[in-house]
Protein chains: 2
Amino acid sequence: MPIVTTRQQIHDLMKVALGEAAADLALINGDIVNVYTGEVLTGNTVLIKGDRIAYVGKSADMSIGPSTEVIDASGKTLIPGLIDGHAHLDYIFSVSELSRYAMRSGTTTIISEVDHIVFPLGYQGIIQFLKSAQDQPIKIFATIPPMGTMSRTTEKHALTVNELRKLFRRREVIRLGESYWAQVITGYPRVVDLIAEAIDAGKRVDGHSAGARGNKLQAYVASGISSCHEPITVDEVKERLRLGLFTMVRESAIRSELEVVAEIKDENIDLSRLGLVTDTPGLQQLIDHGYMEFIVQKAINVGFDPITAIKMATINIAQHFGIDNLVGGIAPGKCADIVVIPNLRAIRPEYVISNGRLVARDGRLLVEPKKYAYPKSAMRSIRLTRDLTADDFAIPVDTSERQVKVRVMDSVTELVTREAIIDVPVANGRLDVDVDADLLKVAAIDKTYMPGKTFVGFIRGFKLKRGAMATSGAWDACTITVVGVSEADMAQAVNRVRQLKGGVVVCADGKMLAEISLPVGGIISLEPIETLASMMGNVQQAAASLGFPHPDMPMTLAVLSSPAIPFLRICEEGLFNVSQNRLVDLIVG
Amino acid sequence: MPIVTTRQQIHDLMKVALGEAAADLALINGDIVNVYTGEVLTGNTVLIKGDRIAYVGKSADMSIGPSTEVIDASGKTLIPGLIDGHAHLDYIFSVSELSRYAMRSGTTTIISEVDHIVFPLGYQGIIQFLKSAQDQPIKIFATIPPMGTMSRTTEKHALTVNELRKLFRRREVIRLGESYWAQVITGYPRVVDLIAEAIDAGKRVDGHSAGARGNKLQAYVASGISSCHEPITVDEVKERLRLGLFTMVRESAIRSELEVVAEIKDENIDLSRLGLVTDTPGLQQLIDHGYMEFIVQKAINVGFDPITAIKMATINIAQHFGIDNLVGGIAPGKCADIVVIPNLRAIRPEYVISNGRLVARDGRLLVEPKKYAYPKSAMRSIRLTRDLTADDFAIPVDTSERQVKVRVMDSVTELVTREAIIDVPVANGRLDVDVDADLLKVAAIDKTYMPGKTFVGFIRGFKLKRGAMATSGAWDACTITVVGVSEADMAQAVNRVRQLKGGVVVCADGKMLAEISLPVGGIISLEPIETLASMMGNVQQAAASLGFPHPDMPMTLAVLSSPAIPFLRICEEGLFNVSQNRLVDLIVG
């Protein structure tokens with residue numbers, strides 16, 4: 001990654017700027033969006049030497065020689081390479097696959113959290129991910145979040161202060177990533193320790209304050225948090241900006257807030273601390289619409305001034321992350337990351353230059369990303385030593401009562417669950433599903449550290465009429481999560497995940513309906529994004545055919561193990577009440 | 001300096017924000033300038049715990065207990081502690097003395113170059129200065145510039161890459177300081193090495209691009225420079241902003257550019273990358289007008305919107321220097337640096353809170369700065385082993401001609417000299433002054449490393465009719481600089497500087513007229529600022545009585561040795577042509 005500047009590079013750049021040496025590449029006579037002043041400067045030439053910009057202006061002729069590649073940008077507009085300020089690239093797709101879409105879209109820098117890989121693969125997993133992101137034709141900076149898990153077993157394998165200290169020695173690791181606000185303000189020791197360590201190391205700390213407000217939000221900010229990408233209303237955006245948080249508006253498959261939040265533009269407040277991010281682009285979104293160029297275009301379409309929109313995906317993000325010395329603007333000394341578009345209102349990349357190389361032209365890729373071969377150890381996160389059987393999903397009860405009161409995960413949106421207390425009949429000393437009442441079984445099975453340790457509970461709202469579905473891509477956990485009507489199908493789904501060395505599976509009546517293989521840590525696919533999207537479509541269709549009502553089954557299933565999302569969650573040790581921050585009993589009476 | 005955050009501090013701040021613990025200090029019911037959004041938020045309370053802000057808003061009552069000190073800010077306006085983004089505090093006055101004025105003025109953070117002390121006292125001098133700036137009631141961050149000197153002897157004692165690396169381990173050393181642009185673009189090796197080292201260490205590099213424009217300015221920026229505090233016209237400001245430089249408008253005794261540059265406010269460009277700085281406050285300015293509160297008030301008076309002006313002296317500077325996690329705004333987690341003023345248009349500090357302490361009230365100091373005792377070694381920079389005599393200032397010539405052509409420093413403004421070639425008669429094998437033609441002698445005497453090594457030349461434009469004046473506070477050099485009519489007076493002036501262990505001296509006809517003692521490194525006084533200003537007045541008056549035409553004799557004399565200012569300069573080795581970057585002969589024919 002060209003984030004190092006050598007003495008030779010300094011001399012070379014100065015010579016080109018002074019007209020004493022020829023540029024490697026010149027974009028001549030374009031209209032340049034100057035994100036520093038907010039102007040469009042017409043008829044300017046950009047000179048590039050190596051991976052950097054040497055000169056931007058009208059006195060460039062002296063440095064254009066026979067060896068200089070020239071792109072005529074007359075009548076075109078030049079904007080800085082776009083930046084996605086918040087994504088999670090260690091999940092589902094591989095970095096090289098995403099890079100293909102990034103290059104086509106003019107996205108030349110991504111700030112990626114590295115959070116999913118730490119639980120199944122530990123510190124070495126983080127290092128492997130960072131290696132996979134190195135030397136790509138785009139720049140990927142990493143933030144390492146202090147993820148909390150509900151599992152006491154998995155917690156032992158979470159990021160430590162010492163590991164964080166080592167990671168901060170790497171140039172591409174620029175910050176501590178998002179912490180969950182409820183964990184911080186309740187004083188979760190490891191998370192607070194990691195925050196203090198990061199601040200002590202002179203690094204900033206990113207935030208995740210979904211739903212927090214008032215005194216609780218302020219307590220979270222007081223801990224040292226510098227950003228949030230979770231506001232979903234104009235008032236939430238304003239509250240965060242006023243607290244000094246860099247505030248990122250999320251627009252992607254996960255959530256799409258740009259349209260609602262766009263009203264902020266009419267509030268007469270400073271928007272320079274506002275950014276546009278995806279929080280990870282959706283597969284189908286990448287294929288159908290693109291990446292950051294689509295988000296910036298949408299920002300313009302919903303009424304943001306084009307220069308404001310471009311700044312929100314370039315210099316604003318770069319300044320927040322302290323990388324504006326390298327990226328975010330078209331100026332001497334910066335990385336040569338430039339997107340040529342038809343005009344200010346059409347964010348349609350005709351030429352994409354990343355690190356001084358022309359990497360895409362009219363949506364056609366000219367440079368291939370680097371494929372990273374994960375070591376075999378990374379494919380061994382599913383350590384179950386035997387296949388499961390239907391009996392593994394039985395819930396025996398030791399009671400003479402005919403029914404018991406059971407605490408049930410009540411799925412109220414595709415992400416959120418609440419607690420419901422439901423009477424469940426006892427049959428042969430066991431508790432069974434009740435399809436008519438939409439009462440299904442849900443289980444979390446430790447996949448790595450205490451392989452096979454299983455907790456089985458109940459869930460409502462998934463509406464399956466038959467079969468089961470499972471994923472090893474559980475968030476903030478090291479489990480396989482499975483939901484089903486049939487215990488035999490639940491076992492089969494998990495066993496198929498085991499065979500795949502990780503994946504998402506839907507099955508019914510003993511038959512596999514659809515699957516995705518996620519061999520790296522049980523969370524990352526090695527397939528092309530197009531294949532992956534198609535598999536994802538099949539999985540979703542299969543889930544829907546069983547009755548599943550939400551649009552993204554793998555995600556809805558994955559978040560059941562995340563303490564970041566309210567209210568009742570599951571891990572291999574049991575049910576977890578997020579508000580009370582503790583394990584709670586399945587049977588309550 | 002409270003730039004470290006501990007785990008305990010995080011817990012304490014969160015408790016106060018949550019209403020679970022009492023604040024130490026509360027400013028209640030004030031109108032708060034929110035520099036993040038550009039709003040004024042009325043009727044808000046700020047809660048302070050230790051040296052940090054815990055909460056800002058309207059739900060603060062729960063955290064105000066019997067132990068909380070309460071300041072009623074009803075009807076008042078609260079702004080963040082002001083920041084001077086560029087000063088040189090290792091010259092003339094001591095840090096503790098300046099801190100007194102800073103506190104009264106609401107200036108709670110200063111970014112200081114540490115450049116003067118390195119030549120006489122070396123790396124240890126820098127460390128001593130940093131110690132003197134530690135633990136003051138205000139925060140002083142340091143930038144260490146790669147100062148170039150014309151002297152090959154002194155150059156050997158300049159900052160090295162290894163020393164810079166060690167300095168960057170200190171939390172308060174935040175950047176490489178200003179380099180002189182001509183030295184950079186001509187590839188001055190040590191300076192380019194230091195720039196590359198700083199960038200390699202992840203630190204930014206500040207700039208000084210006085211007079212540079214076009215391709216030369218771009219070459220300088222391409223080397224990695226991030227800022228400039230030297231523009232003197234609106235066009236120069238715009239050119240720098242467009243190149244991505246953080247651009248600082250200087251307003252102080254050195255230069256006063258605010259009035260001219262104010263037109264930038266009408267150009268409809270983004271002003272968030274613009275700052276207000278002093279480049280060191282003048283002594284009399286401090287006494288008569290104050291410090292940053294005076295500059296911000298002036299910015300408002302010349303037409304800047306008050307919030308824009310306040311941002312230029314707070315958050316804009318903090319963001320540029322990457323210290324906005326600590327200072328620059330009133331928000332939870334930031335250092336409790338707050339100035340209470342009557343209203344938005346009256347920057348008259350009624351209460352000044354720095355690091356959570358009330359340090360000044362209505363211009364009255366409530367806290368004393370820490371006095372630093374420099375070690376004795378710091379007082380031994382003047383190492384001349386004998387007194388000089390008139391003969392030391394003779395210019396013998398070995399010629400049979402009746403006159404020779406001499407290269408003369410022609411002083412055309414108080415700072416700038418140009419080269420003049422003048423016929424000077426030979427008398428008794430020597431060249432003499434010619435008072436009627438305003439042709440005086442100027443000499444540079446190495447004070448430390450080759451003590452007594454002297455070069456004598458001619459200067460025009462100083463207009464002395466008699467006597468001599470000398471300073472050991474020469475810029476970018478380790479010399480005593482002396483200008484005079486009488487060689488005997490020149491010797492006496494230098495000898496008095498020697499007796500003082502450093503200082504500024506004016507004498508005539510064998511009598512001392514005025515003097516300032518500068519014992520630390522020959523450049524820093526230990527006197528109170530009021531005493532120093534009075535001595536400075538006497539020195540200036542004495543110089544004027546001899547005919548000196550410029551307003552600040554010590555400075556005009558000091559800069560004769562600086563390669564930063566065009567065109568003909570002097571060091572103990574000879575005359576130096578700044579444009580050609582080389583020593584040139586005194587006698588040219």
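Reader: How many residues of chain A are in contact with chain B?
Author: In this predicted model, 55 residues of chain A are in contact with 55 residues of chain B, where contact means heavy atoms within 4.5 Å. Local features need pLDDT of at least 70 and side-chain atom pairs count only at pLDDT 80 or more, while totals for chains, interfaces and linings use all residues; side-chain values use heavy atoms, with hydrogens and water left out. Residues are numbered from 1 along each chain as its sequence is written, and chains are lettered from A in the order in which they are written.

Reader: And what area do chain A and chain B bury between them?
Author: About 5,100 Å² is buried between chain A and chain B, 53% of it on carbon and sulfur atoms; buried area is the accessible area (1.4 Å probe) that two parts lose on being put together, summed over both.

Reader: How many salt bridges are there between chain A and chain B?
Author: The count is 10 salt bridges, each being a side-chain nitrogen of Lys or Arg within 4 Å of a carboxyl oxygen of Asp or Glu. One of the salt bridges pairs B:Glu39 with A:Arg242, whose closest N and O atoms are 2.8 Å apart.

Reader: Which way do H1(A) and H8(B) run relative to each other?
Author: The axes of helix H1 (residues 7–17) of chain A and helix H8 (residues 214–222) of chain B come within 8 Å and cross at roughly 165 degrees, and H1(A) and H8(B) are therefore roughly antiparallel, a label for angles over 145 degrees. Helices here are DSSP runs of H or I with at least four residues, and strands are runs of E with at least two, numbered from the N terminus. The axes are lines fitted to C-alpha atoms, for helices over the stretch in contact, with angles from 0 to 180 degrees between N-to-C directions.

Reader: Which residues make that contact between H1(A) and H8(B)?
Author: A:Leu13, A:Met14 and A:Ala17 of H1(A) meet B:Asn215, B:Gln218, B:Ala219 and B:Ala222 of H8(B).

Reader: Changing topic, where is A:Asn29, and what is its phi?
Author: A:Asn29 sits in strand E1 (residues 25–34) of chain A, and A:Asn29 has a positive phi of about 65 degrees although it is not a glycine.

Reader: What about the peptide bond from A:Pro566 to A:Phe567, cis or trans?
Author: That bond from A:Pro566 to A:Phe567 is cis, with omega near 0 degrees, and A:Phe567 is found in the loop between helix H17 (553–558) and strand E28 (568–571) of chain A. In chain B, a cis peptide bond joins B:Pro566 and B:Phe567, with omega about -5 degrees.

Notes
Parallel < 35°, antiparallel > 145°, perpendicular 65-115°, else oblique.
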